[in-house]
Amino acid sequence: DCEEEAVKDSAIDHLKKHLEECQKDFSREIEQRKRLQEAVDCFLQQFLIMTSRVHSTLKSRPAAAVENEARAVHSISEAANWLATRVSGEWVAGDTTYERIMAIALEQVEA
């Protein structure tokens, strides 16, 4: 009886330690995901600013000379805007995924 109780106590202690480690891992994962989302948000914000500036510069030049480039930059900006208005988890969920958005942008850039 005492031996069984000792085995149970040992198993319970082991499970508690394992649970604590899992909780620590989970907390680290949540923090890492938060930092990643912040980095993605920052990148996209800066990228949108840059593409908007390039697009504005191209629009100020003679249309015939830069029409294709302006359209390409606009497509890239639209794709970045789609990404910027969603948390990264949404990029792979639903009917419209980032792969589809990027494929559309690439088609428009290559047109």
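**Close-up A. Asp25 and Arg28 pair within helix 1.** Both residues lie in helix 1, a helix here being a DSSP run of H or I with at least four residues, numbered from the N terminus. Three residues separate Asp25 and Arg28, about one turn of the helix. Their side chains meet in a salt bridge, 2.1 Å from N to O. The term requires a side-chain nitrogen of Lys or Arg within 4 Å of a carboxyl oxygen of Asp or Glu. Asp25 counts as partly exposed because its relative accessible area is 40% (buried is under 20%, exposed over 50%, partly exposed in between; 1.4 Å probe, protein chains only). The model is predicted: local features need pLDDT of at least 70 and side-chain atom pairs pLDDT 80 or more, while totals for chains, interfaces and linings use all residues. Numbering runs from 1 along each chain as its sequence is written, and side-chain values use heavy atoms, without hydrogens or water.

**Close-up B. Glu21 and Lys24 also pair in helix 1.** Helix 1 covers residues 2–59. Glu21 and Lys24 sit three residues apart on helix 1, about one turn. A salt bridge joins their side chains, with an N to O distance of 3.8 Å. Glu21 is partly exposed because its relative accessible area is 40%. Lys24 is partly exposed as well, because its value is 44%.

**Close-up C. Helix 2 carries the Arg71–Glu67 bridge.** How far apart are the closest N and O atoms of Arg71 and Glu67? The distance is 3.5 Å, and the pair forms a salt bridge. Arg71 and Glu67 are four residues apart in helix 2 (residues 63–84), about one turn of the helix. Arg71 has 37% relative accessibility, so it counts as partly exposed. Glu67 is partly exposed too, because its relative accessible area is 45%. A search of the whole structure finds three salt bridges.

Close-up E. Trp91 counts as buried because its relative accessible area is 15%. Trp91 and Ile101 are 10 residues apart in sequence, and their C-alpha atoms are 9.3 Å apart in space.

**Close-up F. Asp95 sits in the loop between helix 2 and helix 3**. Is Asp95 buried or exposed? Asp95 is exposed, because its relative accessibility is 81%. From Asp95 to Gln108 is 13 residues along the chain. Their C-alpha atoms are separated by 20 Å.

**Close-up G. His74 of helix 2, viewed with Ser52.** His74 is placed in helix 2. With a relative accessible area of 38%, His74 is therefore partly exposed. His74 and Ser52 are 22 residues apart along the chain. Between their C-alpha atoms the separation is 7.9 Å.

**Close-up H. Ile76, Leu106 and Val109 make a nonpolar surface patch**. Patch members have over 30% relative accessible area and no salt bridge; nonpolar side chains (Val, Leu, Ile, Met, Phe, Trp, Tyr) are joined within 5 Å, like charges within 9 Å. Leu106 is found in helix 3, residues 98–110. Leu106 counts as partly exposed because its relative accessibility is 47%.

**Close-up I. Acidic residues form a negative surface patch.** Its members are Asp1, Glu3, Glu4, Glu5, Asp9 and Asp13. Asp and Glu count as negative, Lys and Arg as positive; His and chain ends are not counted. Charges are placed at NZ of Lys, CZ of Arg, CG of Asp or CD of Glu. Glu5 is found in helix 1. Glu5 is partly exposed because its relative accessible area is 44%.

Notes. Accessible areas come from the Shrake-Rupley method with a 1.4 Å probe; for residues, only the protein chains shown count as cover. Helices (H or I, at least four residues) and strands (E, at least two) are DSSP runs, numbered from the N terminus.
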